[in-house]
Amino acid sequence: MLFDRYTSQSGLSFANRIAMAPMTRCRADHRDAIPNDMIAEYYRQRAGVGLIISEGVPVSDRGRGYLNTPALWNEAQAAGWKDVTAAVHAAGGRIFAQIWHVGRISHRSLHADGSAPAGASGQRAKGEAMIAGPDGRPTRAECDAPQALSTAEVKGVVEEFRNAARLAKVAGFDGVEIHGANGYLLDQFRCPMVNDRTDEYGGTLENRYRLLLEVVDAAAGEIGAANVAVRQSPYGVANGMSPDPEPMLTYPWLAGELSRRDVGFLHIYCQTADWIHDATHPMMPALHAAFSGTLIACGGFTNAEKCEAILTRGHADLIAIGKPLISNPDLVERFRLSAELNRWDMKTFYAPGPEGFTDYPSL
Ligand SMILES: Cc1cc2nc3c(=O)[nH]c(=O)nc-3n(C[C@H](O)[C@H](O)[C@H](O)COP(=O)(O)O)c2cc1C
């Protein structure tokens, strides 16, 4: 099943059921945030997966929380991405842009105007941004205190995502994934502990997901709901989050709302790489029941057997794989042959240059 062609309910066809998980790699120049030839080559090498989901792509300068992330808020950035999507398509692959606003997981030094991070509230994150160190290389730094977005500014964020989805289409992406996971802005709005707002974006579950759903509608208006994915991380604690107090209510509710909008893809990331592999855990079946589109599972899928197991159970349609695809550009082939895998080197995850980026060998 894993290696067979898959056609989504929305009519997109993929060479196999393996997706590349979105992974920030910090290889652009922070000043213009335009993707370069090295980034195009990195994705071209990995185009054997059914679907590439790009690294997180900031939708605005203030939406950045990591040094050197290639972005998508202007035409020059879109032109850079056009070379990336062309390279992937020429190699027979498909690619979505993961559009991203980090919210409070940021630092003033990353923003051209020195502005404070944008928050759902004024609560400071116990988390780290990635800034320029004394030698100019990326280094971790405590997040700065955020400024709570005004209601008008929240509506401005929707427009930033709309613009990014428009530019994604210009750049030749097959779709967009809205980054709603891992403690970034849209996840901060979801969280009842972080979101203490009293306007229409805070309080009830419906209000806390209002921003995400407005972003979904805006993106769908630009690129088509069938080509929109939403990423969520149930039970997630990354970036200073507390787990959702009512996960079996929260996430199936969202899945139903996305289904009603004919959103093509729901991408679920299990940060602990455990419950998603547990056949008796209720989350994935509940999401599958509530969502009529393509369900993507991610977190600790380190071999073909683990992928086949969840597909066979019917608890997912596609499997997103992260770290093994950093170090194995030909991962699909290696899985098919049960070949040995290259080990990934964490030291070069965010380091500048080709080392640990485009120099991992294929079989
Ligand atoms: C270097 C690195 C960068 C990542 N950047 C992102 C990102 O930009 N957006 C995102 O949603 N997840 C990001 N993740 C999480 C991955 O998408 C994935 O969920 C995680 O690596 C678990 O999958 P794995 O067990 O197959 O590695 C990142 C992970 C790594 C290792």
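In this predicted model, helices α7 and α8 run roughly parallel to each other, because an angle under 35 degrees counts as such and the two pack at an angle of about 25°, with their axes 8 Å apart. Helix α7 comprises residues 247-260 and helix α8 residues 283-290, and their crossing is right-handed. On the side of α7 the contact is formed by P247, M248, Y251, P252, A255, G256 and S259, which meet M283, A286, L287 and A290 of α8. Sorted by class, the residues of this contact comprise 9 nonpolar and 2 polar ones, with no charged residues.

A second pair of helices is formed by α1, which spans residues 37-45, and α2, which spans residues 75-90; their axes come within 8 Å and cross at roughly 25°. Helices α1 and α2 are therefore also roughly parallel to each other, and α1 passes α2 in a right-handed crossing. The residues that make the contact are I39, A40, Y43 and R44 in α1, together with D83, V84, A87 and V88 in α2. In the contact of α1 with α2, 6 residues are nonpolar and 2 are charged, whereas no polar residues take part.

The surroundings of the ligand were examined as well. The ligand is surrounded by 21 residues, of which the closest are A21, T24, G56, G322 and K323. The shell around the ligand divides by class into 10 nonpolar, 8 polar and 3 charged residues.

Note on methods:
Residues numbered from 1 in each chain as written. Predicted model: local features only at pLDDT ≥ 70, side-chain atom pairs only at ≥ 80, totals over all residues. Near = placed C-beta within 6 Å. Nonpolar A, V, L, I, M, F, W, Y, C, P; charged D, E, K, R; others polar. Axes fitted to C-alpha atoms, helices over the stretch in contact; angles between N-to-C directions. Helix = DSSP H or I, 4+ residues; strand = E, 2+ residues; numbered from the N terminus. Parallel < 35°, antiparallel > 145°, perpendicular 65-115°, else oblique. Left-handed = near helix turned anticlockwise from the far one by under 90°. Contact = placed C-beta atoms within 7 Å.
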